[in-house]
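Colleague: I'm new to this one, could you walk me through the side-chain contacts? Please show me the sequence and the structure before we start.

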Amino acid sequence: MKSLLSFILICFFSIFNAQINWMSMEQAIAAQKTSPKKIIVDFYTDWNTACKEMDKETFLHPEILKYLNDKFYMVKFNAEGSETVNMYDRVFKNPEFQVKSKGKNGMHQFAKFMNINAYPTLIFLDENLQPITNLMGKFTPKELEPYLSMIANNQYKNIKTRDQWENYQKKFKSKIKE
């Protein structure tokens with residue numbers, strides 16, 4: 001009986017303490033050198049409500065969380081922050097950054113380079129740091145799941161038309177029960 005109760009408590013705390021293994025861009029690039037995986041860069045801002053909702057509702061969904069941690073390196077990048085990024089033989093900074101308590105800040109050069117036009121935006125990069133696609137706006141777990149599967153399993157390489165994408169979506173079997 002004690003061991004069953006202990007097992008239940010461990011499961012309970014594991015579920016409620018589960019989180020994404022966030023990395024910096026530099027950490028993800030270094031990790032890729034020893035164990036290649038695709039990278040998802042979550043471009044967010046501190047002031048955007050949809051970004052906060054994605055963090056709480058989408059990224060912490062058990063199926064999504066497992067997929068993200070198992071199949072991708074996850075980078076959380078403040079699109080208005082002060083972090084320096086060394087990538088593509090360039091150095092990206094935010095010369096407009098000012099320490100503020102609330103509100104908007106200048107857009108980071110890396111966000112501009114990646115053509116970020118809305119928050120949140122997820123950029124998927126392959127193992128060679130080449131962009132695969134981006135997803136702009138808030139996604140529910142059920143909306144995000146087919147993209148994660150398609151990209152992690154390299155099925156995106158075979159989808160060239162809208163009809164192929166729609167066919168993929170029709171055949172996709174979700175693991176998420178709503």
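Colleague: Which side chain does glutamate 53 meet in a salt bridge?

Modeller: The side chain of glutamate 53 meets that of lysine 138, at 2.9 Å from N to O, where a salt bridge is a side-chain nitrogen of Lys or Arg within 4 Å of a carboxyl oxygen of Asp or Glu. Before we go on, this is a predicted model, in which local features need pLDDT of at least 70 and side-chain atom pairs count only at pLDDT 80 or more, while totals for chains, interfaces and linings use all residues. Residues are numbered from 1 along each chain as its sequence is written, and side-chain values use heavy atoms, with hydrogens and water left out.

Colleague: Where in the chain do glutamate 53 and lysine 138 lie?

Modeller: Glutamate 53 is in helix 3 (residues 49-58) and lysine 138 is in the loop between strand 7 (131-136) and helix 6 (141-152), so the pair links distant parts of the chain, 85 residues apart. Helices (H or I, at least four residues) and strands (E, at least two) are DSSP runs, numbered from the N terminus.

Colleague: How many salt bridges does the structure hold?

Modeller: The structure holds eight salt bridges. One of them is formed by lysine 76 with aspartate 55, whose closest N and O atoms are 2.6 Å apart. Lysine 76 lies in strand 3 and aspartate 55 in helix 3, so this pair ties together parts that are 21 residues apart in sequence.

Colleague: And lysine 76 itself, buried or exposed?

Modeller: Lysine 76 is buried, with a relative accessible area of 19%, whereas aspartate 55 counts as partly exposed at 25%.

Colleague: Which ring does the charged end of lysine 76 sit over?

Modeller: The charged end of lysine 76 sits over the ring of tryptophan 22, 4.8 Å from its centre. A charge sits over a ring if NZ of Lys or CZ of Arg is within 6 Å of the ring centre and within 35 degrees of the ring normal. Lysine 37 likewise lies over the face of tyrosine 73, at 5.0 Å from the ring centre.

Colleague: Switching to rings, how many aromatic pairs are there?

Modeller: The count comes to 13 aromatic pairs, where rings of Phe, Tyr and Trp (its six-membered ring) pair if their centres lie within 6.5 Å, and planes under 30 degrees apart count as stacked, over 60 as edge-to-face and the rest as tilted. Phenylalanine 43 and phenylalanine 77 form an edge-to-face pair, 5.5 Å centre to centre and with 65 degrees between the planes.

Colleague: Which strands hold phenylalanine 43 and phenylalanine 77?

Modeller: Phenylalanine 43 lies in strand 2 (residues 38-44) and phenylalanine 77 in strand 3 (residues 72-78), so the pair ties together parts that are 34 residues apart in sequence. Both phenylalanine 43 and phenylalanine 77 are buried.

Colleague: Why is the pair of phenylalanine 72 and phenylalanine 124 edge-to-face?

Modeller: Because the planes of these two rings, phenylalanine 72 and phenylalanine 124, are at 70 degrees, with the centres 6.1 Å apart. Phenylalanine 72 is in strand 3 and phenylalanine 124 in strand 6 (residues 121-125), 52 residues apart. Phenylalanine 72 counts as buried at 2% relative accessibility, and phenylalanine 124 is buried at 0%.

Technical notes: Buried means under 20% relative accessible area, exposed over 50%, partly exposed in between (1.4 Å probe, protein chains only).
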